[in-house]
Amino acid sequence: MAHPGESAVERTLGSLRAIDAVAPADASVVHPSARPASPPPPVGPGGRPGPAPASGPVATQDQAPRTLEDLYREHRMRFVRLAVLLVDDPATAEDVVQEAFTGLHRHWGRLRDEHAALGYLRTAVVNGSRSVLRRRRTAREYTPPHTADARSAESLAMLSAEHQAVVSALGKLPRRQREVLVLRYYGGLSEAEIAEATGISKGTVKSTASRGLEAIGKLVEGG
């Protein structure tokens, strides 16, 4: 349902999350030649392999404690899809998310609940994506792949010309604008959650989103 004052670009961005929701949580967005992802290996003292925790601090009322494997199975692909929109490459997005879950394992004992664990993962994915983009700029030889390569086959089949144009324009935005819009419209996060994940103030989130929407509108209109 459209909200009063909502622009066409906002409606299109918001609908991307609904489109990707048709894919199963474990549906792959990687190329067939890419190596399959596996849960991050547990790490013991001194960096040596260690046993995975049977359970952790991540629990909700009236439920048994959630394990790292539970979160990995239920949320990995959602974070991969989020990372794909930030880095434009499925294989790189998989690597970013793998690193985020590996970091989560290292901090497992310090997290109080599932909300905190997911917040940690969001921040780690954003920071990991930023690192990827910084390395690309330093190399000065990166050519972004076609936007279509960054989406699952299930999603591509349902993308209209309008959606394709908006996703393409999203990939041309400055990093911060892109992060804010992806987290807000695709990730469905609040301004406070975006501020926490990106390390900027809520006021900056709001102004950055406004500038990003305006830029996308101009890019789409300009063809």
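Mentor: A helix is a DSSP run of H or I with at least four residues, a strand is a run of E with at least two, and each kind is numbered from the N terminus. With that in hand, the protein chain reads α-α-α-α-α-α-α-α-α along the sequence.

Trainee: How many helices and strands does the secondary structure of the protein chain come to?

Mentor: The protein chain has nine helices and zero strands. Please note that this is a predicted model, in which local features need pLDDT of at least 70, side-chain atom pairs count only at pLDDT 80 or more, and totals for chains, interfaces and linings use all residues. Residues are numbered from 1 along each chain as its sequence is written, and side-chain values use heavy atoms, with hydrogens and water left out.

Trainee: What percentage of the 223 residues in the protein chain do buried residues make up?

Mentor: Burial is judged by relative accessible area with a 1.4 Å probe and protein chains only: under 20% is buried, over 50% is exposed, and values in between are partly exposed. In the protein chain, 43% of the 223 residues are buried. The accessible surface, found by the Shrake-Rupley method with a 1.4 Å probe, comes to about 11,900 Å² for the protein chain, and 53% of it belongs to carbon and sulfur atoms.

Trainee: Among contacts between residues at least 6 apart in sequence, what percentage join residues at least 24 apart?

Mentor: A contact means heavy atoms within 4.5 Å. Of the contacts between residues at least 6 apart in sequence, 73% join residues at least 24 apart.

Trainee: At roughly what angle do the axes of helix 2 and helix 7 cross?

Mentor: Two packed helices are described by the angle between their axes and the distance between the axes. Each axis is a line fitted to C-alpha atoms over the stretch in contact, and the angle, from 0 to 180 degrees, is taken between N-to-C directions. The axes of helix 2 (residues 68-87) and helix 7 (residues 175-186) cross at roughly 150° and come within 10 Å. Helix 2 is therefore roughly antiparallel to helix 7; angles under 35 degrees count as roughly parallel, over 145 as roughly antiparallel, 65 to 115 as roughly perpendicular, and the rest as oblique.

Trainee: Which residues in helix 2 and helix 7 meet?

Mentor: From helix 2, Arg81, Leu82, Val84, Leu85, Leu86 and Val87 meet Arg178, Glu179, Val182, Leu183 and Tyr186 of helix 7. By class, this contact of helix 2 with helix 7 has eight nonpolar, no polar and three charged residues. Here Ala, Val, Leu, Ile, Met, Phe, Trp, Tyr, Cys and Pro count as nonpolar, Asp, Glu, Lys and Arg as charged, and the others, Gly among them, as polar.

Trainee: Where is the place of Asp88?

Mentor: Asp88 is in the loop between helix 2 and helix 3 (90-106). Asp88 counts as buried, at 12% relative accessibility. The phi of Asp88 is near 70°, a positive value in a residue other than glycine.

Trainee: Within how many Å do the axes of helix 7 and helix 9 come?

Mentor: The axes of helix 7 and helix 9 (residues 202-221) come within 8 Å and cross at roughly 100°, so helix 7 and helix 9 are roughly perpendicular to each other. Among the residues that meet are Val180 and Leu181 in helix 7, and Val205 and Ile216 in helix 9. The residues of this contact of helix 7 with helix 9 divide into eight nonpolar, four polar and three charged.

Trainee: At roughly what angle do the axes of helix 6 and helix 9 cross?

Mentor: For helix 6 (residues 161-170) and helix 9, the axes cross at roughly 125° and come within 9 Å. That makes helix 6 oblique to helix 9. Ala165, Val166, Ala169 and Leu170 in helix 6 meet Ile216, Leu219 and Val220 in helix 9. The contact of helix 6 with helix 9 has seven nonpolar, no polar and no charged residues.

Trainee: Is Val166 buried or exposed?

Mentor: Val166 is buried, with a relative accessible area of 2%. Leaving aside neighbours within four places in sequence, Val166 is in contact with Thr12, Leu13, Ile216 and Val220. Val166 and Val9 are 157 residues apart along the chain, while their C-alpha atoms are separated by 7.1 Å.

Trainee: Which residues does Glu193 touch, not counting residues up to four places away in sequence?

Mentor: Glu193, which lies in helix 8, touches His115 and Arg122 on that count. Glu193 is partly exposed, at 22% relative accessibility. Thr198 also lies in helix 8 (residues 191-198), and Thr198 is buried, with a relative accessible area of 6%. Beyond neighbours within four places in sequence, Thr198 is in contact with Val126, Arg130, Glu179 and Leu183.
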